[in-house]
Amino acid sequence: MVSESTTVLLDGKQLSKEVKESIAREVEQWKSSGGKTPHLAAILVGSDGASETYVNHKVKACEQVGFKSTLKRFDSSITEAELLNEISKLNEDRDIDGFIVQLPLPDHISSDKVINAIDPKKDVDGFHPENVGRLTLNLPAYISATPFGIMQLLKRYDIETSGKYCVILGRSNIVGRPMSILMSRNTNPGNATVTLCHSRTTDLRSITKQADILIVALGKPEFVTADMVKENAVVIDVGITRVSDESAKRGYRLKGDVKFDEVAEKAAFITPVPGGVGPMTVTSLLANTLQACKKEIYK
Ligand code: NAP
């Protein structure tokens, strides 16, 4: 039986601060040796509250590390053709090293078409099929920011993943699926035996209970309870859902996919929400943008 005091909190906020400081130093050195200022652009369509918050964090983070940033906002009435045209302008813009299109997009716009239109060399979100393919083949690639951030957390806390049984809940293209590939690759972190679960998985609890490492990306607040978790497991909670709460200043609270208090008593390592995976996602986007500027992935 493990007591609560031995549980280690994976502090993404602190690690993100350290990584940002290191990126800022690298940017300084790069610029003083004649390199250009890294430049990240973001496209935001519509005025969804959560998307606005995420994009604002990304723009603010650029300022903190000495990048240039450009935010391109469009009304939700923009047509697919118009948006694709904006993407080709960013593809051609020589000053912009990388750009992202904040998802989700309005229903009348195909996110697949939009992602496919991004030049893979500027696809710092790592969503383009070319980057996903490279990632799968263990070739240099922009790794999508959330899985990349989780890998950094595992590394920083020296968590052994080799030979461990890793269960991932959720198979989205931006989190669960790339995470499953990263954890199964012959790398460190990696070399885990991976099971990827989704809404059609039967008897989920019997699978999660065996996991040495449990990574949860469902968007279902407090879905994972203590009885689903193995003693001393590593639990990574990717979920962020706004749950209304009139007593909170903003009228809502952010909830993860894991019932934190009870699972923390059982886990050896656990991420809080907020302050776990979220801050690492933004930092990983910065790392990808710096790589794009330095042409480290695509020579
Ligand atoms: P998504 O695209 O909605 O995918 C959710 C996945 O969960 C799907 O694969 C779905 O299965 C599976 N699922 C749903 N109900 C299930 C159930 N009862 N049992 C098993 N699997 C179930 O989600 P996402 O984009 O990956 O995001 C997941 C969460 O992470 C959200 O809260 C999101 O806000 C958060 N997120 C956080 C960050 C961050 O920086 N911290 C970044 C990205 C996302 P099917 O495929 O069968 O439908």
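Colleague: Where does the second largest pocket lie, and why?

Modeller: This is a predicted model. Domain 1 (34-119) and domain 2 (145-278) both give residues to the pocket lining, so the second largest pocket lies between them.

Colleague: What volume does the second largest pocket have, and which residues are closest to its centre?

Modeller: The volume is about 350 Å³. The lining has 23 residues, and Asp112, Ile115, Phe127, Val132 and Asn173 are the closest to the centre. Lining residues need an atom within 4 Å of a pocket point.

Colleague: Which helices each supply at least two residues of that lining?

Modeller: They are α4 (111-117), α5 (129-136) and α7 (176-184).

Colleague: How many residues of each class does the lining have?

Modeller: There are 14 nonpolar, seven polar and two charged residues.

Colleague: What makes a set of residues a nonpolar core?

Modeller: The residues must be buried and joined through side-chain atoms within 4.5 Å. The largest such core has 51 residues, and Ile23, Met183, Ile215 and Ile236 have the most contacts inside it. Helix α10 (residues 277-293) gives the most to this core, with eight residues. Both domain 1 (34-119) and domain 2 (145-278) give residues to this core, so it lies between them.

Colleague: Which residues is Ile236 in contact with, leaving aside neighbours within four places in sequence?

Modeller: Contact means heavy atoms within 4.5 Å. Ile236 is in contact with Leu10, Ile150, Leu154, Leu214, Ile215, Val216, Thr271 and Val277.

Definitions and conventions: Residues are numbered from 1 along each chain as its sequence is written. This is a predicted model: local features need pLDDT of at least 70, side-chain atom pairs count only at pLDDT 80 or more; totals for chains, interfaces and linings use all residues. Side-chain values use heavy atoms; hydrogens and water are left out. On a 1 Å grid over the protein atoms alone, a cavity is a set of points where a 1.4 Å probe fits but cannot get out, and a pocket is an open set with protein on both sides within 12 Å along at least five of seven lines; lining residues have an atom within 4 Å of a point. Grid points are joined across faces, edges and corners, and a volume is the space filled by probe spheres set on the points. Helices (H or I, at least four residues) and strands (E, at least two) are DSSP runs, numbered from the N terminus. Ala, Val, Leu, Ile, Met, Phe, Trp, Tyr, Cys and Pro count as nonpolar, Asp, Glu, Lys and Arg as charged, and the others, Gly among them, as polar. Domain bounds come from an automatic or database domain assignment. Buried means under 20% relative accessible area, exposed over 50%, partly exposed in between (1.4 Å probe, protein chains only).
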